[in-house]
Amino acid sequence: MTEQHVYPVPDALKGLAAIDKDRYQQMYQQSVEHPDQFWAEQAEELLDWNEKWHTVSKSDLKKGEVSWFLGGKLNVSVNCIDRHLESRGDQVAIIWEGDDPTEDQLITYKELHEEVCRLANVLRERGVKKGDRVCLYLPMIPEACYAMLACARIGAVHSVVFGGFSPDALKDRINNADCRVLITADEGLRGGRKVPLKANADKALAGCPDVHTCLVVKRTAGDIAWDDNRDVWYRDAVEQVPAECEPEWMDSEDPLFILYTSGSTGKPKGVLHTTGGYLLQAAMTHKYVFDIREGDIYWCTADVGWVTGHSYIVYGPLANGTTSLMFEGVPTYPDASRCWQVVDKHGVNSFYTAPTAVRALMGAGNDFVTKTSRKSLRILGSVGEPINPEAWEWYHKVVGDERCPIMDTWWQTETGAHMMTPLPGATDLKPGSCTMPFFGVQPVLLDAEGNEIEGAGEGSLAIKASWPSQIRTVYGDHQRCIDTYYSTYPGYYFTGDGARRDEDGYFWITGRVDDVLNVSGHRMGTAEVESALVLHDSIAEAAVVGYPHDIKGQGIYAYVTPMNGVEPDDELKKALLKLCVQEIGAIAKPDIIQWAPGLPKTRSGKIMRRILRKIAANELDTLGDTSTLADPSVVDELIEHRANR
Ligand code: 6R9
């Protein structure tokens, strides 16, 4: 019955929050009836432009063509830094909290300006020009933020690769985007453990002949290999250049960054975002979803290697002149009280995290939370996967002392910024629902024939009209962009998610309807994991599915068929796990490997994943029809030896 529980807007926010119920209705209506006028007003109000646009928007979803603020010129780093210097130069822009609780650093907007300008000069000096791609493979240290903004300053396009990815994954991404410069660190530090970033980078770069410069931040001063022709210490380089750097004035539609993300087929895609529209929606959603006020301390726990880190640690908060907290560590180190100690230490007002973290902390027990004050908290946020009502209730009651509304924000790497979310002063909350669309967003539910479902119902979630921070293309492969997002339902952007709308118009995301896994909020294609598994000489075939996992949301369940004559054992299992780590990264390690002498296939040879999902979830009474299989007996075998009971 928890689904039925409604949490009204807290009295404490009434009259104080920027957007109340009436204002939401009125603004939403205007945003969908007169989108160009609406977004033009927002763009004037929230961003600084060097030259005004001549056309607000031009889009054709049938062709996957999207552009916003055509002819407008601006620079993202100027919007995130320079324009704040006069009014808040001495205000802290970034609070950096180290993995070790005794380490932290405060960086003012003035200092941020200097750091970004210096690095931008280093990049320019090394030949990086407008439009060139730069790869970032960094831990959660301030330099990650400097590097993103330095690229933006000179019009270079950054491609941030999550520090948990393997050398092979890094190599593929560097080569796909043709990056010539890599910025990394000697080692990262997470939960007291070192991450060998430079060693990984060295391995990757062995396969990237065009990378001429590798800038290395000294984080741990650990032992690393060095190539004098290619490697440069970051600090040495930035100290030798001026602290001022003229920004490059960018067209609103010039690329800002590429971020790789997984789909249901093939290698990860380089999602490309551009300048004006992206920054506008990142800034606007950040401002209204977290009801940002002057002097707020805001903390998003994501890694900058994911889109959440891009939009809600760096671009949104800094565009709004907010103080953004950046955390190097993990929520459970030194113990499960860490987040709340950090909240108290820095007086955090908004805290934005993922359901997987909430569930892990919930499992550690309430004492870790209740022994801290958390008085400064006003707003809580959730992102990355559906939050189960039980975790929602705990987050609300124990962490937020029933005082802080939870913003369950639904969006994607491809959407660039929040798409469906409550607003603190406007939306009554239902635990587990991402509630209502943000301004300008028109979600629809489509049935199997592609017809829009009216009123309450369930279907494929698609978006009916363009929004400013929409994906512009898949880097180097626009056809793939069209095939993935625009061809399933012509005229719509297809999200890959399923959703339900209830009688009150609230949206409930039911999860992916494609072969994409969501493990602890990290996206991964089943095909990527399968390709890693079948690289092993002893493996003939593999099929990977997700299954319900208490902490991770979804775990990875792999059915693996050994070659004829191979006796599978634990050694082989270990070798397979190692392959996944090597090819993708530790996040891709299957939780369960089941040896499968055969896989359930249709007569045309297609693997019936529906059946594999049911067996993995131990839901045997809803297996459905198996009579169309080429060999129905393989199902009995798999059931008998299933590993999740
Ligand atoms: C921002 C981000 C996108 C996929 C998305 C959906 C799932 C994200 C969610 C959510 C339910 C939420 N997802 N937020 N599902 N409720 N609040 O996570 O981007 O890594 O590209 O993942 O994550 O399935 O399609 P990304």
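Mentor: Happy to! Keep in mind that this is a predicted model. Let's begin with helix α3, residues 76-88, and helix α4, residues 109-125: their axes come within 9 Å and cross at roughly 145 degrees. Those are the quantities to start from, because two packed helices are described by the angle between their axes and the distance between the axes. The crossing of α3 past α4 is left-handed.

Now for the residues that meet there. From α3 come Cys80, Ile81, Asp82, His84, Leu85 and Arg88, while α4 brings Tyr109, Lys110, Leu112, His113 and Val116. Sorted by class, this contact holds 6 nonpolar, 2 polar and 3 charged residues.

A search of the whole structure turns up 0 of them. Take Cys208: the closest cysteine sulfur belongs to Cys135 and lies 8.3 Å away, so the two are too far apart for a bond, given that a disulfide needs sulfur atoms within 2.5 Å. Cys300 is in no disulfide either, with the sulfur of Cys339 as its nearest, 11 Å away. Both of these cysteines are buried: Cys208 has 3% relative accessibility, and Cys300 has 1%.

Finally, a region further along the chain. An unreviewed UniProt entry annotates residues 528-606 as "domain: AMP-binding enzyme C-terminal". Over residues 528-606 the chain is 25% helix and 32% strand, with its end C-alpha atoms 17 Å apart.

Notes: Residues numbered from 1 in each chain as written. Predicted model: local features only at pLDDT ≥ 70, side-chain atom pairs only at ≥ 80, totals over all residues. Heavy atoms only, no water. UniProt positions renumbered as here; feature names shortened; annotations may be inferred. Helix = DSSP H or I, 4+ residues; strand = E, 2+ residues; numbered from the N terminus. Buried < 20%, exposed > 50% of the residue type's maximum accessible area, 1.4 Å probe, protein only. Axes fitted to C-alpha atoms, helices over the stretch in contact; angles between N-to-C directions. Left-handed = near helix turned anticlockwise from the far one by under 90°. Contact = heavy atoms within 4.5 Å. Nonpolar A, V, L, I, M, F, W, Y, C, P; charged D, E, K, R; others polar.
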